[in-house]
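Look over the sequence and the model below.

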Amino acid sequence: MSRYERWNTLLELLAERGHLDVEETAEHLGVSPATVRRDFDELASQQLLTRTRGGASAHSVTYDLPLRYKVARHAPEKQRIGAAAAAMVPAGATVGLNGGTTLTEVGRALATRPDLNTDQRGPVVTVVTNALNIANELVLRPQIHVVTTGGSARPQSYELIGPIAAGMLERVALDLAILGVDALHLEHGASAHNEGEAAVNQIMASRAQQVVIVADSSKLGRRAFARICPVNQIDILVTDSAATEEQTAPFADVGVKVVRA
């Protein structure tokens, strides 16, 4: 396990439990307590946790990990979800993509779809995105026309947010929006930890004829701080095969099509 993978696991455990003990964490990770102490100290210096006597605690319940620490978590599930969502984009469509690890997989799957790699001159699909890393990956693909929103860059997710991003999105029409979220709850809807991201994603959803939410099973039934859109605005939920009937049935019952990848 690399240092980043170890840090990722530590931060995810901390988000779930609220507090971690050095000895128990070392046993869980299969490393020495000294290694865990150094990891805690380093993450505390980056203000990602609060160091306590014998362990560490989370800063708040609305925990927002930087994107670089999220990549390894649930990676196979996110790849399958990404492929399933990318397959829903028809040739000739204009699709909106926001940021995050699952949407990064959607972008990669879209870029490598064999049916879109044709001899046709010019782009086959238009992608409108506020995610710098996704735009960077797709811009070299001749079959994809990439449009970015502009705005202020948020380092945690590489997303462009703020009035410039919002103003651009208000002037476009999307066939569908594929949105990654931090949480999905029947009453609270789709939500994000950061209100700036949520505001831009809300506009992206409002400009689309169809809204697709991609979320692994760990995000179902949870709420985050800022709402993106209510459940009645969601057409399709793409999740992983670990999602239980108890998790998905409430969404299916109100008309959301549930796809397990």
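Ser241 touches Arg80, Arg260 and Ala261, leaving aside residues up to four places away in sequence. Contact here means heavy atoms within 4.5 Å. Ser241 sits in the loop between S14 and H9. Its relative accessibility is 51%, so Ser241 counts as exposed. The classes are buried (under 20% relative accessible area), exposed (over 50%) and partly exposed (in between), with a 1.4 Å probe and protein chains only. Ser241 and Gln143 are 98 residues apart in sequence, and 31 Å separate their C-alpha atoms.

This is a predicted model, in which local features need pLDDT of at least 70, side-chain atom pairs count only at pLDDT 80 or more, and totals for chains, interfaces and linings use all residues. Residues are numbered from 1 along each chain as its sequence is written, and side-chain values use heavy atoms, with hydrogens and water left out.

**Around H9**

S14, H9 and S15 form a right-handed β-α-β unit. Right-handed means that, with the strands pointing away from the viewer, the path from the first strand over the helix to the second runs clockwise. Helices (H or I, at least four residues) and strands (E, at least two) are DSSP runs, numbered from the N terminus. S14 and S15 pair in the parallel sense over four bridges; pairing requires at least two DSSP bridges between two strands. Leu237 has Val258 in S15 as its bridge partner.

H9 spans residues 245-253, and Thr248, Ala249 and Phe251 are buried in this helix. The buried residues of H9 pack against S10 (183-185), S14 (236-239) and S15 (257-260). Gly255 follows H9 and has a positive phi, near 100°.

**Two cores**

A nonpolar core is a set of buried Ala, Val, Leu, Ile, Met, Phe, Trp, Tyr and Cys residues joined through side-chain atoms within 4.5 Å. The largest one has 33 residues. Leu169, Leu179, Leu184, Ala190, Ile213, Ile228 and Leu237 touch the most other members.

A second, separate core has 27 residues, including Ala85, Val106, Ile236 and Val238. Ile213 touches Leu179, Val181, Leu184, Ala190, Ile234, Ile236, Leu237 and Val238, not counting residues up to four places away in sequence.

Helix H5 (residues 101-111) is mostly covered, with 10 of its 11 residues buried. Among them are Glu105, Val106 and Leu110.

UniProt lists residues 3-58 as "domain: HTH deoR-type" in an unreviewed entry. UniProt positions follow the numbering used here, feature names are shortened, and annotations may be inferred rather than shown by experiment. The span is 64% helix and 16% strand, and its end C-alpha atoms lie 19 Å apart.

Arg6 lies in helix H1 (residues 3-17). Is Arg6 buried or exposed? Arg6 counts as buried, because its relative accessibility is 12%. Its side chain makes a polar contact with the side chain of Asp39 at 2.5 Å. A polar contact is a pair of N or O atoms within 3.5 Å; within protein, one must be able to donate a hydrogen and the other to accept it, and residues adjacent in sequence count only if both atoms are side-chain atoms.

**A positive phi**

Tyr158 lies in the loop between S7 (152-154) and S8 (159-161). Its phi is near 65°, a positive value in a residue other than glycine. Most residues other than glycine have a negative phi. Tyr158 counts as partly exposed, because its relative accessibility is 33%.
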